[in-house]
Amino acid sequence: MEYVERVPLPEVCLGCEDRAGCLARGEGEWCCEECEHLLERFVCVESRAETDT
């Protein structure tokens with residue numbers, strides 16, 4: 001399985017103070033790794049190898 005980021009990001013991500021703080025400090029988005037809304041940000045898609053058969 002492959003996960004891709006939703007575009008645009010969900011409102012919960014855009015309004016997240018933890019994410020904004022990490023980005024403002026130049027720390028990337030490490031706080032997202034443990035976020036309970038992670039499955040709202042990423043959607044599962046079938047891998048290309050599975051669909052090419």
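Colleague: Arg19, buried or exposed?

Modeller: Arg19 counts as buried, at 13% relative accessibility. The cut-offs, with a 1.4 Å probe and protein chains only, are under 20% relative accessible area for buried, over 50% for exposed, and partly exposed in between.

Colleague: Before I go on, what are these numbers based on?

Modeller: This is a predicted model, in which local features need pLDDT of at least 70 and side-chain atom pairs count only at pLDDT 80 or more, while totals for chains, interfaces and linings use all residues. Residues are numbered from 1 along each chain as its sequence is written, and side-chain values use heavy atoms, with hydrogens and water left out.

Colleague: OK. Which residue does Arg19 form a salt bridge with?

Modeller: Glu29, with the closest N and O atoms 2.7 Å apart. Arg19 is in helix H2 (residues 17-24) and Glu29 is in the loop between H2 and helix H3 (38-41), so this pair ties together parts that are ten residues apart in sequence. A salt bridge here is a side-chain nitrogen of Lys or Arg within 4 Å of a carboxyl oxygen of Asp or Glu. Helices (H or I, at least four residues) and strands (E, at least two) are DSSP runs, numbered from the N terminus.

Colleague: And how does Glu29 count for accessibility?

Modeller: Glu29 is partly exposed, at 28% relative accessibility.

Colleague: What about Arg41 and Glu29?

Modeller: Arg41 forms a salt bridge with Glu29 too, and the closest N and O atoms are 2.8 Å apart. Here Arg41 lies in H3 and Glu29 in the loop between H2 and H3, so the pair ties together parts twelve residues apart in sequence.

Colleague: Arg41 itself, buried or exposed?

Modeller: Arg41 counts as buried, at 5% relative accessibility.

Colleague: How many salt bridges does the count come to?

Modeller: Four, by that rule. Among them is the one where the side chains of Glu27 and Arg25 meet, at 3.1 Å from N to O. Arg25 is exposed, with a relative accessible area of 53%, and Glu27 is partly exposed at 38%.

Colleague: Changing topic. What volume does the largest pocket have?

Modeller: About 170 Å³. Pockets are found on a 1 Å grid over the protein atoms alone: a cavity is a set of points where a 1.4 Å probe fits but cannot get out, a pocket is an open set with protein on both sides within 12 Å along at least five of seven lines, and lining residues have an atom within 4 Å of a point. Grid points are joined across faces, edges and corners, and the volume is the space filled by probe spheres set on the points.

Colleague: Which residues line the largest pocket?

Modeller: Val12, Cys13, Cys16, Asp18, Arg19, Cys31, Cys32, Cys35, His37, Leu38 and Arg41. At least two residues of the lining come from each of H1, H2 and H3. The lining divides into seven nonpolar, one polar and three charged residues.

Colleague: Where is Asp18 found?

Modeller: Asp18 is in helix H2, and at 56% relative accessibility it counts as exposed.

Colleague: Which residues does the cis peptide bond join?

Modeller: Val7 and Pro8, with omega about -5°. Pro8 sits in the loop between E1 and H1. Most peptide bonds are trans.

Colleague: And the overall layout: in what order do the elements run?

Modeller: From the N terminus on, β-α-α-α-β-α, which is four helices and two strands. The chain has 53 residues, and buried ones make up 19% of them.

Colleague: Last one. Where does Phe42 have its place?

Modeller: Phe42 is in strand E2 (residues 42-45) and is partly exposed, at 26% relative accessibility. Phe42 and Leu9 are 33 residues apart in sequence, with their C-alpha atoms 9.0 Å apart.

How values were computed
Nonpolar A, V, L, I, M, F, W, Y, C, P; charged D, E, K, R; others polar.
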